[in-house]
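Dear colleague,

I am passing on a structure that I would like you to look through, and my notes on it come after it.

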Amino acid sequence: MATNLVNVESVGKVYGTRTLLDGVSLGVNEGDRIGVVGRNGDGKTTLIRILAKLEPADDGRVTHAGDLRLGVLTQHDSLDPGATIRHEVIGDLADHEWAGDAKIRDVLTGLFGGLDLPGFPQGLDTVIGPLSGGERRRIALAQLLIAEQDLIVLDEPTNHLDVEGISWLAGHLRARRSGLVVVTHDRWFLDQVCTRMWDVQRGAVHEYEGGYSDYVFARAERERIAASEEAKRQNLMRKELAWLRRGAPARTSKPRFRVEAANALIADVPPPRDSAELMKFANSRLGKTVFDLEDVTVTAGPKVLLKHLTWQLGPGDRIGLVGVNGAGKTSLLRALADAARSEGEQQPAGGRIVVGKTVKLAYLSQEVAELDRDLRVLEAVEQVRQRVDLGKGREMTASQLCEKFGFTKEKQWTPVGDLSGGERRRLQILRLLMDEPNVLFLDEPTNDLDIETLTQLEDLLDGWPGSLVVISHDRYFIERTTDRVLALLGDATLRMLPRGVDEYLERRQRALAAAAPAAAAPAKQKTGEQAARQRSAAEQRAAKKELQRIERRLDRISEQESELHARIAEHATDFAKVAELDTQLRGLTGERDELETRWLELADDA
């Protein structure tokens, strides 16, 4: 019988007038791997903090096994800023000791790309203080995974990891014997790792057996039983269930209820996308030409990101774009967007981009566009348009679309300045869609969005007729919303991947394996040509150091900008003070633009 590690009995937690947890009773046993899902603000993080005894409950009791070895990754690390990575992760182990430990080697390689930590200026001897939040988070995760634990509690562990890092982490956690409780919006990760799910909703926690796919099946059945016939037809979970059953039935390896019941549940649900109908409508809105690239070269300063690229984005194409960091994914979208804005007059460094005359582009960048903080949510949306045509005779008001994106009637009157980061991201996407574009570029659209909001966005995109390009580390979102996957592998070319993200990971593993023997060649066997390459490697290290310095400064600028926005809001009636703060803000924006340009120039050497 499995040993009980943690027991939660009748736990309650209230913040102000809001009840986050109400009489919750749960247990975590040895070997359990539990995923925690729910809307932002419903209490996921509060639940795991109470479970780990990092925060007291108002009512009830939390009991840990007497000798429990517990490891927790919170959203704010407790690393010593004056210490080195070596001290925090490896401790006092000598080089020959830790290098001979397979677990340590696996963790360092999986999270940092090599035992010498190639992304850090002094490798293991890099001081932690000046590092960015994402770098510190990876260090905290490495520290936790290297230690021996009975139970690991992780809050958004996939943040700041790329597709390869997420894939490695999933495999590592599956191979461990430790129990696991994890909060994440990465649904592919949940499916790969978890054997149980906790769904936090309105003060209660509903338990489901299996991974994310099994959870979708079970929740859809549960809601079918509880709902009226009309509510059933409008249930988003049933649409996602239809996609899971029809599009990728192998996703769920251990279904916990009858497959026949699942099939009966979706019998009257149409396919998530009618591709033929959407293509027909997209052609009528866009014509035959969207973007035609002829022998195009895309650069960032002296760096050549893509060369001699001939490619066509056609009407109704839905493309997922993946690739190594710095390979040019965002730069490609920017080159297309610049050509669209200038109606084809602005061209890349080489070649030609032809833009269709009817193209109306909406580009969601990784940065959240600043809005007037005093505007209400509904006012910010109605600034763009009061009604939107969704095609096929469907029309929505701004208020209805706000509700679809999780802004209730009451929330629609919240000032923009009071919204969370995730809510501002939702508002940014909503404003883009209200402008009725026929081409969408989405660069990391899943940042700060919870799973329910993601499913709402996916549902909306299912019926959206136009051309779509998505850059994302969330492979579930890519697979759910796009029809083809293209990759930039760092060799200045764009490749189609018939088998999607799985093929991308296989290609990357082969490339790393091929590069490993060259990296391990002894120095004494180097020829004159190899010595020249070594000098080049020294230049690369210098470039990486400057890149790290720029990234740290960019993080500090982002923090300073947030502080200035807050101060501007505080002094909204003091026009002289606002003008002074706005001057400081403009100076930071200019410095950030210069640093971003320099970062792109250095990326090739790094």
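Predicted model: local features only at pLDDT ≥ 70, side-chain atom pairs only at ≥ 80, totals over all residues.

Residues are numbered from 1 along each chain as its sequence is written, and side-chain values use heavy atoms, with hydrogens and water left out.

The cavities come first. A cavity here is a set of points, on a 1 Å grid over the protein atoms alone, where a 1.4 Å probe fits but cannot get out, and its lining residues have an atom within 4 Å of a point. Grid points are joined across faces, edges and corners, and a volume is the space filled by probe spheres set on the points. Counted in this way, there are five cavities of 30 Å³ or more.

The largest cavity has a volume of about 80 Å³, and of the eleven residues that line it, Val37, Tyr215, Arg219, Ile451 and Glu452 are the closest to its centre. At least two residues of this lining come from each of helix H8 (212–226) and helix H17 (451–462), where helices (H or I, at least four residues) and strands (E, at least two) are DSSP runs numbered from the N terminus. The second largest cavity holds about 40 Å³ of space, and its lining includes Asp162, Lys329, Glu444 and Tyr504. Strand S12 (residues 318–323) gives the most to that lining, with three residues.

Now to the helices. Helix H4 (residues 102–112) packs against helix H5 (residues 133–146) at an angle of about 160°, with their axes 10 Å apart; axes are lines fitted to C-alpha atoms, for helices over the stretch in contact, and angles run from 0 to 180 degrees between N-to-C directions. H4 and H5 are therefore roughly antiparallel to each other, a term used for angles over 145 degrees. In their contact (heavy atoms within 4.5 Å), the residues of H4 that meet H5 include Ile104 and Leu111, and those of H5 that meet H4 include Ile139 and Leu145.

H4 also packs with helix H6 (residues 163–175), at an angle of about 150° and with their axes 8 Å apart, which makes H4 roughly antiparallel to H6. Here Asp106, Val107, Gly110 and Leu111 in H4 meet Gly165, Trp168 and His172 in H6.

With best wishes

How values were computed:
1 Å grid on protein atoms, 1.4 Å probe; cavity = no way out; pocket = protein on both sides within 12 Å on 5 of 7 lines; lining within 4 Å. Parallel < 35°, antiparallel > 145°, perpendicular 65-115°, else oblique.
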